Amino acid sequence: MAVSIEEILDRYVRAYLTYFEGRKKPAKMYDKIVGLAEKAAVKIALEKTNGNQLRAAKLLGINRNTLHSKIKKFKINGEEK
């Protein structure tokens, strides 16, 4: 049975937020969660297209320049953020 991305993200975010109950929370937790999901999508799209940025951008439904800025933001081809 296929699991929707919404279900996967729901489980992930639920577990992540539960983990931090009663603990010190990271600064800007919302931004952290969104960034992790965005980074995963970019990395996986690049893996699926063997590093072809144009095809990865099309797969994600974004502009190639946007993809390139995400690669730089998350330092995907070098040291990871």
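1. Let me start with Lys73, which is partly exposed at a relative accessible area of 41%. On this scale, buried means under 20% relative accessible area, exposed means over 50%, and partly exposed lies in between (1.4 Å probe, protein chains only). Lys73 forms a salt bridge with Glu38, and their closest N and O atoms are 3.7 Å apart. Here a salt bridge is a side-chain nitrogen of Lys or Arg within 4 Å of a carboxyl oxygen of Asp or Glu. The pair links distant parts of the chain, with Glu38 in helix H2 and Lys73 in helix H4, 35 residues apart.

2. A word on what you are looking at. This is a predicted model, in which local features need pLDDT of at least 70 and side-chain atom pairs count only at pLDDT 80 or more, while totals for chains, interfaces and linings use all residues. Residues are numbered from 1 along each chain as its sequence is written, and side-chain values use heavy atoms, with hydrogens and water left out.

3. Now the overall layout. The chain has four helices and zero strands, and reading along the sequence gives the pattern α-α-α-α. Helices (H or I, at least four residues) and strands (E, at least two) are DSSP runs, numbered from the N terminus. The C-alpha trace spans about 45 × 35 × 20 Å along its principal axes. Of the 81 residues in the chain, 21% count as buried. Among contacts with a separation of 6 or more, 33% come from residues 24 or more positions apart; contact means heavy atoms within 4.5 Å.

4. Back to the charged pairs. How many salt bridges does the structure hold? There are three salt bridges. Side chains of opposite charge can pair when their charged atoms come close. Lys70 forms a salt bridge with Glu38, and the closest N and O atoms are 2.6 Å apart. Lys70 lies in helix H4 (residues 64-74) and Glu38 in helix H2 (residues 29-48), so this pair ties together parts that are 32 residues apart in sequence. Glu38 itself is partly exposed, at 22% relative accessibility.

5. Arg14 pairs with Asp10 in a salt bridge whose closest N and O atoms are 3.1 Å apart. These two residues sit four residues apart in helix H1 (residues 5-19), and are therefore separated by about one helical turn. Is Arg14 buried or exposed? Arg14 is exposed, with a relative accessible area of 53%, while Asp10 is partly exposed at 37%.

6. H2 and H4 pack at an angle of about 115°, with their axes 10 Å apart. Axes are lines fitted to C-alpha atoms, for helices over the stretch in contact, and angles run from 0 to 180 degrees between N-to-C directions. The crossing of H2 and H4 is left-handed, meaning that the near helix is turned anticlockwise from the far one by less than a right angle (clockwise for right-handed). Gly35, Glu38, Lys39, Val42 and Leu46 of H2 meet Leu67, Lys70, Ile71, Lys73 and Phe74 of H4. By class, the contact of H2 with H4 has five nonpolar residues, one polar and four charged. Ala, Val, Leu, Ile, Met, Phe, Trp, Tyr, Cys and Pro count as nonpolar, Asp, Glu, Lys and Arg as charged, and the others, Gly among them, as polar.

7. The axes of H1 and H2 come within 12 Å and cross at roughly 145°, and this crossing of H1 and H2 is right-handed. On the H1 side the contact is made by Leu9, Tyr12, Val13, Tyr16 and Leu17, and on the H2 side by Met29, Lys32, Ile33, Leu36 and Ala37. The contact of H1 with H2 has nine nonpolar residues, no polar and one charged.

8. Which residues make up the largest nonpolar core? The nine are Val42, Ala45, Leu46, Ala56, Ala57, Leu67, Ile71, Phe74 and Ile76. Such a core is a set of buried Ala, Val, Leu, Ile, Met, Phe, Trp, Tyr and Cys residues joined through side-chain atoms within 4.5 Å. H2, helix H3 (53-60) and H4 each supply at least two residues of this core.

9. Finally, Thr49 lies in the loop between H2 and H3 and is buried, with a relative accessible area of 5%. Leaving aside neighbours within four places in sequence, Thr49 is in contact with Arg55, Ala56 and Leu59.
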